[in-house]
Amino acid sequence: MTVPFSRGTSRPLYEQAVALLRGGAFLRAEGMMQRSVAEEGETALSYHYLSEILSRLPDRVEDALQAQQQAADIAGDHPVFLAALGLRLHDAGKDVAALDVLERALVIDPNCPLALPWALRLRRRFLRWTDEAQEDQGIRTALKSGRLIDPLMLLSFIDDPEVQQAHSQPSVAVARSADHAPKAPRGKLRIGYFSADFCEHATMHLIAGMLKAHDRTRFEFYVYDFLPQPQSRYHTLIRDFADIYHDISQIDDAGAVALARSDQLNIAVDLKGLTTDCRPVLFEHRIAPMQVSFLGFPGTTAIREIDFMIADPITIPAAEERFYNEQILRMPICYQPNDNTRPVPEADNLRAKYGLPEDKFIFANFNHPHKVGPREFGVWMNILRQVPDAVLLFYTGAHDLSLELERQARRHEIDPSRILPCGIMTQTAHIERLAQVDLCLDCFAYNAHTTASDALWAGVPLLTLCGRQFSARVATSILSAAGVPELSTNSLEDYVGQAVRLAVSPDEINALKRTLRRNRSSCALFDTKTWTRDYEDLLTGAYLRGASNSPTERRPGAV
């Protein structure tokens with residue numbers, strides 16, 4: 001029997017399956033729900049929860065998608081089930097189809113709280129927004145729904161650390177932790193690094209130099225790899241770096257917690273936060289006396305058992321600490337590490353090699369498209385309007401967005417040929433291509449982070465707008481550490497004005513490029529050895545202070 005929803009009917013197998021799902025017993029939950037479908041009848045809800053169960057199991061993405069499609073077919077044009085189907089399509093990497101389904105759900109219910117946030121994000125991914133008013137209304141509606149919005153997603157839309165904290169805070173269930181108070185170390189401090197990004201990823205581009213510069217006479221290093229990629233050169237680097245390397249991709253959370261505790265770490269460093277493939281529950285269970293959020297997530301994770309977050313005086317001013325649940329550990333200059341051993345790009349003019357015009361001023365945006373909204377795009381089109389002899393190099397990632405860029409350019413009455421789409425390249429080629437640019441234009445609520453350091457390493461100025469939340473202040477911190485703080489602006493008017501002035505002032509832009517090339521070997525941003533010593537001292541000092549206090553006294557800055 002197939003019915004849309006079960007009302008007034010006892011379905012004990014279904015209820016047991018849902019309880020097992022909520023208890024984390026996913027394999028047993030799958031078997032119980034399959035029995036429910038066979039014996040108690042098919043319903044939209046049974047297939048919906050079966051999809052949820054399957055999504056928690058390894059390598060079952062397509063099965064989860066199929067189950068959710070059955071739920072949507074049974075439910076008809078029900079917006080929630082359509083929205084859930086859209087999310088399963090996204091999980092399966094079918095983002096264009098996902099956006100189409102989410103938009104169908106929003107036609108039925110424009111306020112659908114499950115569909116709206118993801119539609120907003122995917123509209124950005126494919127430049128399919130209408131205008132700033134549409135996006136602003138969508139964000140207001142999503143925030144008013146009372147439903148939590150994915151914290152990583154929200155960073156791109158709202159520059160407000162209080163809002164970010166509110167949506168991070170309940171994201172991770174609080175679990176009772178064991179008592180692991182810091183104790184005076186015997187010998188070397190044991191530091192554990194936890195991530196899924198020990199591969200060709202921005203995190204490794206930044207920390208590779210730090211890993212090489214670490215003082216092995218003071219520390220032992222343990223690596224916990226959530227998602228090993230043996231084909232990556234960085235996998236070899238992290239294996240060679242680690243005193244002890246653990247592949248925990250096939251170990252469940254309870255097993256990973258037990259393993260980390262058995263290593264008797266002093267400090268656990270979470271390099272993921274609330275991002276893709278994160279495992280925050282490990283830190284909720286207290287796997288080390290001192291737990292630190294660093295680099296991966298530019299905001300508060302609000303995980304109760306995370307003691308510290310690494311920042312600097314610019315990314316988190318003292319007056320803003322209340323919006324971060326962790327106690328703030330500040331690096332003296334800039335929180336972001338860099339690798340000063342990577343290749344320096346060729347200084348020769350290689351524009352022809354990358355299909356770039358020789359006779360135009362080249363603006364560029366190399367941020368991921370999900371950071372680019374109608375506000376940023378409109379400001380950049382305003383700049384192009386005021387600098388007729390300029391083009392914009394626009395990073396599109398893995399997708400061909402030529403038609404969307406053409407449509408958006410025409411909306412602003414800009415010749416589409418002045419926007420040059422560009423895609424993914426190897427890191428070395430990317431830096432070399434970047435070096436051909438005259439001026440990079442930054443996004444607002446979620447700045448360029450690794451991309452900002454890439455530009456400066458390539459000898460190219462980046463113009464940013466300094467905001468309030470961590471993610472909106474990173475580029476300002478980076479520019480200050482690179483010795484060019486004047487490239488951070490405090491208003492859109494100043495941002496546009498500086499971009500236009502630099503574009504028509506070849507002497508000034510060339511002087512900036514010379515400064516950046518000169519500073520590459522001397523500025524704080526690229527002084528990897530000093531940065532690493534400061535970071536090590538920061539961690540050591542915090543640990544030793546904790547070891548001298550009682551557990552209840554060690555987090556005076558926590559909210």
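**Briefing: surface, fold and core of a predicted model**

The accessible surface of the protein comes to about 22900 Å², and carbon and sulfur atoms account for 50% of that area; areas follow the Shrake-Rupley method with a 1.4 Å probe. This is a predicted model, in which local features need pLDDT of at least 70 and side-chain atom pairs count only at pLDDT 80 or more, while totals for chains, interfaces and linings use all residues. Residues are numbered from 1 along each chain as its sequence is written, and side-chain values use heavy atoms, with hydrogens and water left out.

**Overall fold**
- The protein contains 22 helices and 15 strands, taken as DSSP runs (H or I, at least four residues; E, at least two).
- The C-alpha atoms fill a box of roughly 80 × 65 × 45 Å along the principal axes.
- Among contacts (heavy atoms within 4.5 Å) between residues at least 6 apart in sequence, 70% join residues at least 24 apart.

**Burial and cores**
- Of the 559 residues, 57% count as buried, meaning under 20% relative accessible area with a 1.4 Å probe, protein chains only.
- The largest nonpolar core has 144 residues, of which Tyr 193, Phe 363 and Trp 380 touch the most other members; such a core is a set of buried Ala, Val, Leu, Ile, Met, Phe, Trp, Tyr and Cys residues joined through side-chain atoms within 4.5 Å.
- A second, separate core of 22 residues includes Val 18, Leu 54, Ala 64 and Ala 75.
- Not counting residues up to four places away in sequence, Tyr 193 touches residues including Phe 198, Met 210, His 214, Phe 241 and Tyr 535.

How values were computed. Buried means under 20% relative accessible area, exposed over 50%, partly exposed in between (1.4 Å probe, protein chains only).
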